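Please report on the packing of this protein.

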Amino acid sequence: YFREDQVKLLNLLASQIAIAIENARVYESERRNRELLALLYDISLEMGSTLEVDELVHKIAAAVKQKINYQTFSIFLLDEKQGLLRPKFVIRSNERENQKLVLPLGTGLIGTAAKLSVPLRIADVTKDSRYLNVHTETRSELVVPLASKGRVVGVVDLESTEVGYFTEYHERFLMTLASRMASALVNAELY
């Protein structure tokens, strides 16, 4: 149906469109990376401005909320002597929650992430046998260990009511922030 010169023109047009699409992807990726770096810089300044632990974790939760629309934000700190993770700060549906749940290392997603010192991004918690059903509305979870000077000092845990909500981008963001958070929390605890 098409003449040879028409086919060549369409091939040329298709390759130019492909290049434009790829350039748009690269631009979007770079834009997101610049936003991430700017936010991390702002968060680092905020974390450096206080040694009061409660104020510090509140600032961290607010900063993370700017980038990730979580349902629940928790920081659990490790009691190394007893091998237990204790909740230091929990915000659920924008309200502070008084959480009493104490987890041994290796128990649940939080305890597993701390014990193995690896992040866990679970798309559907109902399909993961390690999940402890504390918040019945939770459908996906992102848990990142907080490590300082090579040792796990706690975890940051985000929960969402949407299946598959957390992305690789969210995980990278939280992992990048986690080392700074861990140092700030250790410094605040020492103070």
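## Enclosed space

About 160 Å³ of space lies in the largest cavity. A cavity is a set of points on a 1 Å grid over the protein atoms alone where a 1.4 Å probe fits but cannot get out. Its volume is the space filled by probe spheres set on the points, with grid points joined across faces, edges and corners. The structure holds 1 cavity of 30 Å³ or more. The model is predicted: local features need pLDDT of at least 70, side-chain atom pairs count only at pLDDT 80 or more, and totals for chains, interfaces and linings use all residues. Residues are numbered from 1 along each chain as its sequence is written, and side-chain values use heavy atoms, with hydrogens and water left out.

The largest cavity has 16 lining residues, where lining means having an atom within 4 Å of a point. Leu101, Ile110, Val134, Glu141 and Glu159 lie nearest its centre. Strand E1 (72-79), helix H3 (108-116) and E7 each give two or more residues to this lining. Helices (H or I, at least four residues) and strands (E, at least two) are DSSP runs, numbered from the N terminus. H3 gives the most, with 3 residues. By class, the lining has 9 nonpolar, 4 polar and 3 charged residues. Here Ala, Val, Leu, Ile, Met, Phe, Trp, Tyr, Cys and Pro count as nonpolar, Asp, Glu, Lys and Arg as charged, and the others, Gly among them, as polar.

## Helix H3

Of the 9 residues of H3, 7 are buried, so the helix is largely enclosed by the rest of the structure. Buried means under 20% relative accessible area, exposed over 50%, and partly exposed in between (1.4 Å probe, protein chains only). The buried residues of H3 are Gly108, Leu109, Ile110, Gly111, Thr112, Ala113 and Ala114. They pack against E1, E2, strand E4 (103-104), E5, E6 and E7, with contact meaning heavy atoms within 4.5 Å.

## Nonpolar cores

The largest nonpolar core has 35 residues. Such a core is a set of buried Ala, Val, Leu, Ile, Met, Phe, Trp, Tyr and Cys residues joined through side-chain atoms within 4.5 Å. Val64, Phe73, Ile75, Leu146, Leu158 and Phe173 have the most contacts inside it. Helix H1 (4-48), helix H2 (53-67), E1, strand E2 (84-92), E6, E7 and helix H4 (168-190) each supply at least two residues of this core. H4 gives the most, with 9 residues.

Which residues does Val64 touch, not counting residues up to four places away in sequence? They are Tyr70, Phe73, Leu158, Phe173, Leu174 and Leu177.

## Strand E6 and its partners

Strand E6 (residues 140-148) has 8 of its 9 residues buried, so it is largely enclosed by the rest of the structure. E6 pairs with strand E5 (residues 120-122) in the antiparallel sense over 3 bridges. Two strands pair if DSSP finds at least two bridges between them. Arg121 stands opposite Leu142 in E6.

E6 also pairs with strand E7 (residues 151-160), again antiparallel, over 9 bridges. Ser140 stands opposite Ser160 in E7. E6 and E7 form a hairpin with 2 residues between them.

## Positive phi angles

Most residues other than glycine have a negative phi. Lys149, in the loop between E6 and E7, has a positive phi near 55 degrees. At 85% relative accessibility, Lys149 counts as exposed.

Ser117 follows H3 and lies in the loop between H3 and E5. Its phi is positive, near 55 degrees. At 41% relative accessibility, Ser117 counts as partly exposed.

Methods. On a 1 Å grid over the protein atoms alone, a cavity is a set of points where a 1.4 Å probe fits but cannot get out, and a pocket is an open set with protein on both sides within 12 Å along at least five of seven lines; lining residues have an atom within 4 Å of a point.
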